[in-house]
Amino acid sequence: MLAGPIAGCDREKQAGGQAGQGQANVSAGQAKGIGKFEYVIDRSHKGAAVPTAAFTGPDDAPVTLAAFQGKPLLVNLWATWCAPCVAEMPTLDALAAKRGEAMTVIAVAQDLQGAAVVDPWFQKAGLKALQPYLDPENKLLDAYNSALPTSIYYDADGRELWRVVGAIDWQGDEAKALLAEGGV
């Protein structure tokens, strides 16, 4: 049972704009907070395979998460209109820069307008390691049945170890402990 509300976003409205603050629907985890970051660690999907939903890579080609098997993978679902997502992105970019050889880190935008809003946001944000992946049809968000942001960690064989629902400081001690569980 969730111990309290999570600062997260639900879904973007078709006309653009935020659908409102959502509450994560998870069956396991403990609410935590580090400054402006609030999240739940959910281990209830441990062992689940990557979803088969296709999304778009930085090269505009379709891709699935199965393409990343072979080393650990951290998938972050986010959107430009989601304040907790935006707050988390610099720490995720720093993680990707530091641990890019040991694991793959991808951020998959759930913005309905796709590249038209995500590409300018990336340029303005000045991220150095992350690249824009796009899922304007929200196929991954539907597969995970979660709020934004959500980050899912897979082992090298494509099996889920845990997920973080809400924003976490990827440079913080708890994130480091979580990544160490996967050998990273």
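**Exercise 1. Which residues does A53 touch, not counting residues up to four places away in sequence?**

Solution. The model is predicted, so local features need pLDDT of at least 70, side-chain atom pairs count only at pLDDT 80 or more, and totals for chains, interfaces and linings use all residues. Residues are numbered from 1 along each chain as its sequence is written, and side-chain values use heavy atoms, with hydrogens and water left out.

Step 1. Contact means heavy atoms within 4.5 Å. By this rule A53 touches V63, T64, K139 and L140.

Step 2. A53 lies in the loop between β2 (37–42) and β3 (55–56). Helices (H or I, at least four residues) and strands (E, at least two) are DSSP runs, numbered from the N terminus.

Step 3. The C-alpha atoms of A53 and A143 are 7.4 Å apart, although 90 residues separate the two in sequence.

**Exercise 2. Determine whether A53 and A129 are buried, partly exposed or exposed.**

Solution. Step 1. Buried means under 20% relative accessible area, exposed over 50%, and partly exposed in between (1.4 Å probe, protein chains only).

Step 1. A53 has a relative accessible area of 15%, so it is buried.

Step 2. A129 has 32% relative accessibility and therefore counts as partly exposed. This residue is in the loop between α2 (115–125) and β7 (132–134). Leaving aside neighbours within four places in sequence, A129 is in contact with D93, A96 and A97.

**Exercise 3. Describe the fold in outline and identify the residues with the most contacts inside the largest nonpolar core.**

Solution. Step 1. The protein has four helices and nine strands, arranged along the sequence as β-β-β-β-β-α-β-α-β-α-β-β-α.

Step 1. Of its 184 residues, 49% count as buried. Among contacts with a separation of 6 or more, 67% join residues 24 or more positions apart.

Step 2. A nonpolar core is a set of buried Ala, Val, Leu, Ile, Met, Phe, Trp, Tyr and Cys residues joined through side-chain atoms within 4.5 Å. The largest such core has 51 residues, and L65 and W170 have the most contacts inside it.

Step 3. Beyond its neighbours within four places in sequence, L65 is in contact with residues including V50, F55, I106 and Y154.

**Exercise 4. Classify the ring pairs W121–F122 and W162–W170.**

Solution. Step 1. Rings of Phe, Tyr and Trp (its six-membered ring) pair if their centres lie within 6.5 Å; planes under 30 degrees apart count as stacked, over 60 as edge-to-face and the rest as tilted. The structure holds seven aromatic pairs.

Step 1. For W121 and F122, the centres are 5.8 Å apart with 75 degrees between the planes, and the pair is edge-to-face.

Step 2. For W162 and W170, the centres are 6.3 Å apart and the planes stand at 25 degrees, so the pair is stacked. W162 is buried at 0% relative accessibility, and W170 is buried at 1%.
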